[in-house]
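Hi everyone, thanks for coming.

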Amino acid sequence: MTLSRGQLMFIWARRVLVGVVALVAIAVCTGMAYEQWSRRQVARDFPPPGRLVEHGGRLSHLSCMGNGSPTVILEAGLDTDGSQTWAGIQPQIAADAETRVCSYDRAGILWSEPREEPRNADRIAGELHGLLDAAAEPPPYVIVAHSLGGPLVRVYSERYPGEVAGFVFVDAAHPEQYSRYPDEVLQILAAVDSQLPDRRFMKVSVATGIYRLVTPSRGDAIGAYLWRTVPWGFSGEREARDATFDQADETGTLGDRPLVVLTAGVGPRLPGVTDEVQDAFYETWLILQAELAALSTNSRHRIVDGATHYIHHDEPDAVIAAVRDVVDAVRGGMPLR
């Protein structure tokens, strides 16, 4: 039987389509296999510096050192660094304050497995409490909180009264900051948020190995675990940021518990704004930081000259001294010096 030209074209088109689908399927399977192999390599090359603690059916990473009470808990901000943001000063804090110091990774960041969403402050506070309980790291705690860690700590303290004896805020976020920044600043921050890729797309690209292929290697643990941190931990917390701020805004004061607020002496530079807007942005930040210091009747507000938002990287001695002062005040039951 002789086929018409149209029938031949249809047969060849179908064969081409089947071939393309087969090639795509092979590529996806190959990518998934490559991703799983890479994860095993990462686990071998970058083992957790602390221990993996099981609680609530998942594993969380907790790294503690030193001895003494109160135990200092290091709470990171909203970024991909997790516990590693404190790696440079955790040993010094333990030695200088002569106490136990713990850093950890929130769910879905670095070595900690993802957990239930949404990733808001109330959920994170419950998970931190469960982690410390499972790891047998008892209160009282002095919590050092960077950036978004500030609202998280306030919610933790509200949910578990009596456990937190003191605080150090390291350029910590204020729950009202996004309603009080100048309009030009809000527009820039909204534009930055809009450029972040869709989480569903990121998760698919991670599972198929695409994300790993297109992400430059940093050669450290933070870079090695971006496949987990970005789509699960970081992005989940960013999506829940407004809820976190709302929950923190509903908390009360910190009473007379010792609190040191460290504020960056160098404000962030924003692209495309005038000096007037830049100055207004930083002045607003200083006002918000002063309001955080007013949460306790036993507080000190210190502006750290030369330090940017990451004070613990730029001027680590300022953070170490603040922790020591709070620990001493808690131990002595006295006002901050």
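I'll start with the sheet and then move to a single arginine. Please keep in mind that this is a predicted model.

So, how many strands form the open sheet? There are eight, and if you go across from one side to the other, the order is S1-S2-S4-S3-S5-S6-S7-S8. The pairing is mixed. At the edges you'll find strand S1, residues 51-55, and strand S8, residues 299-304, and each of these pairs on one side only. On average, neighbouring strands in this sheet are turned by 25° against each other, if we ignore direction.

Now, which helix packs on this sheet? That's H12, residues 275-293, and it touches strands S6, S7 and S8. The direction of H12 makes about 170° with that of S7, which covers residues 259-264.

Let's look inside the sheet at one pair of strands. S3, residues 71-75, runs parallel to S5, residues 141-146, and five bridges link the two.

Finally, our arginine. Arg58 belongs to strand S2, which spans residues 58-65. Is Arg58 buried, partly exposed or exposed? Its relative accessibility is 36%, so Arg58 counts as partly exposed, because that class lies between under 20% for buried and over 50% for exposed.

And what does Arg58 touch, leaving aside residues up to four places away in sequence? Its contacts are Val53, Glu113, Pro114 and Arg115. Take Arg115: it sits 57 residues from Arg58 in sequence, yet their C-alpha atoms are 7.4 Å apart in space.

How values were computed: Residues numbered from 1 in each chain as written. Predicted model: local features only at pLDDT ≥ 70, side-chain atom pairs only at ≥ 80, totals over all residues. Heavy atoms only, no water. Pairing = 2+ DSSP bridges. Helix = DSSP H or I, 4+ residues; strand = E, 2+ residues; numbered from the N terminus. Axes fitted to C-alpha atoms, helices over the stretch in contact; angles between N-to-C directions. Contact = heavy atoms within 4.5 Å. Buried < 20%, exposed > 50% of the residue type's maximum accessible area, 1.4 Å probe, protein only.
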